[in-house]
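This briefing is meant to be read beside the sequence and the model. Please keep both in view while going through the points below.

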Amino acid sequence: MTQIYAAPMEGLTTGVFRKAHRALFSGIDRYYLPFIAVHESHTFKQKEIRDMSPSVNAGMVSVPQILTKNPADFVWGAREIAALGYDEINLNLGCPSPTVTTKKKGAGLLGDSEALQGLLDGIFEGLADLPDLRITVKTRLGIAEPQEMEALTELYNRYPVAELIIHARTLQDLYRGEPRMEAFRKAYEDCRMPVSFNGNIFSREDFDGFISRYPETAGVMLGRGLIRNPALAREIRGGEKLTREELRAFHDAIYQGYLEEMSGITPVLGRMKELWSYWGTLFPENERLVRNVRKAKNRKDYETAAGILFNMGSFRNEDRPREIIMH
Ligand SMILES: Cc1cc2nc3c(=O)[nH]c(=O)nc-3n(C[C@H](O)[C@H](O)[C@H](O)COP(=O)(O)O)c2cc1C
């Protein structure tokens, strides 16, 4: 059966989010962690160590992700992460942020086949003594044209990539528009390793429609759809739809988690407001109340505004957001 993955989303699917999600919702087979940028200094940040710790990840399958263009840095990071007990490490070849791509990292590497080949050569040579460690790749289709994926598929096929997760967009697409299914289809047919799909799965119907066309897909990764509707994986598996009370309990668990973890209310509200840019679409008739939540500058105003929205707002768990949220 096709597995369901929670996408890595920097600033959104943090340890606090994942722990709350695991406690309240079923259906996710693997949680991918937001990327860790590994540098020459060969150190992890405190926050990255915490995000990978057993206390955060107990009871769920978690997969750390590394962002780098340097094989030695990947190999160092992968060994450290494997020593923590992880058996899969994901390589980020999808990040479209200019601060990343101008350094030829993330999706920026997809346009330089020599550098990409050097990275993959170094990774698989450097980790050859750890054959049980699954190295998976999350890739976009290319820089500008989805057909670039043909050459990329040919390249990936030369390596023991354990699974290829394809975000079916190009770098230039960013997060806009519909996934490029023609190019995905070709990769799905031509890849030697198990292929997983990512892009615009917002409802059970989206998932079922996708699987009927691509039944051999190893996994479907849910990004914005899961942030907006944390019950999405459960719904896909035939479970109940999200309720207002569940969303509130999820909200409260995350809010509490950030209050405990972060110093000062400002960063906590920053994180919560990012979530509200998705949850707001569940209250389509209450734009003003949602705006009040997103404008709140202190703890009291935030809690009051969120309380009013949860108590008085008209919660609509319809399948597709009125407009797809873009970042
Ligand atoms: C705010 C934000 C942060 C993201 N952070 C990461 C990340 O750390 N690593 C990664 O591979 N993808 C990251 N992504 C991309 C998502 O994992 C996913 O590929 C993308 O949202 C497309 O899936 P969707 O259409 O289901 O949302 C991020 C996307 C967004 C919007």
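In which helix is the place of Tyr-156? Tyr-156 belongs to helix α7, which covers residues 148-156; helices here are DSSP runs of H or I with at least four residues, strands are runs of E with at least two, and both are numbered from the N terminus. The model is a predicted one, in which local features need pLDDT of at least 70 and side-chain atom pairs count only at pLDDT 80 or more, whereas totals for chains, interfaces and linings use all residues. Residues are numbered from 1 along each chain as its sequence is written, and side-chain values use heavy atoms, with hydrogens and water left out.

**Ligand surroundings**

- Around the ligand there are 19 residues, of which Pro-8, Gln-65, Asn-198, Asn-200 and Arg-224 come nearest; a residue is counted as near when one of its heavy atoms lies within 4 Å of the molecule.
- Sorted by class, this shell holds 8 nonpolar, 7 polar and 4 charged residues, where Ala, Val, Leu, Ile, Met, Phe, Trp, Tyr, Cys and Pro count as nonpolar, Asp, Glu, Lys and Arg as charged, and the others, Gly among them, as polar.
- A polar side-chain atom of Asn-198 is 2.5 Å from an oxygen atom of the ligand, and a polar side-chain atom of Arg-169 is 3.5 Å from an oxygen atom of the ligand.
- A polar backbone atom of Glu-10 lies 2.9 Å from a nitrogen atom of the ligand.
- On its own the ligand has 610 Å² of accessible area, and the protein covers 93% of this; accessible areas come from the Shrake-Rupley method with a 1.4 Å probe, and for residues only the protein chains shown count as cover.

**Positive phi values in loops**

- Asn-200, one of the residues that come nearest to the ligand, sits in the loop between β9 (195-198) and α9 (204-213), and its phi is near 60°, a positive value in a residue other than glycine.
- Asn-200 has a relative accessible area of 10% and is therefore buried, a class that means under 20%, with exposed meaning over 50% and partly exposed in between (1.4 Å probe, protein chains only).
- Lys-104, in the loop between α5 (98-101) and α6 (113-126), likewise has a positive phi near 60°, but Lys-104 is partly exposed, because its relative accessible area is 38%.

**Cysteines**

- A search of the whole structure for disulfides, that is, pairs of cysteine sulfur atoms within 2.5 Å, finds 0.
- Cys-95 is buried at a relative accessible area of 12%, and Cys-191 also counts as buried, at 11%.

**Domains and separations along the chain**

- The chain is divided into domain 1 (33-199) and domain 2 (244-312), with bounds that come from an automatic or database domain assignment, and the C-alpha centres of the two domains lie 32 Å apart.
- Tyr-156 counts as buried at 0% relative accessibility, and its C-alpha atom is separated by 8.8 Å from that of Gln-117, 39 residues apart along the chain.
- Gly-238 lies in the loop between α11 (232-236) and α12 (244-261) and is partly exposed at 48%, while the C-alpha atoms of Gly-238 and Gly-27, 211 residues apart along the chain, are separated by 9.7 Å.

Terms used: Polar contact = N/O pair within 3.5 Å; in protein donor to acceptor, adjacent residues only side chain to side chain.
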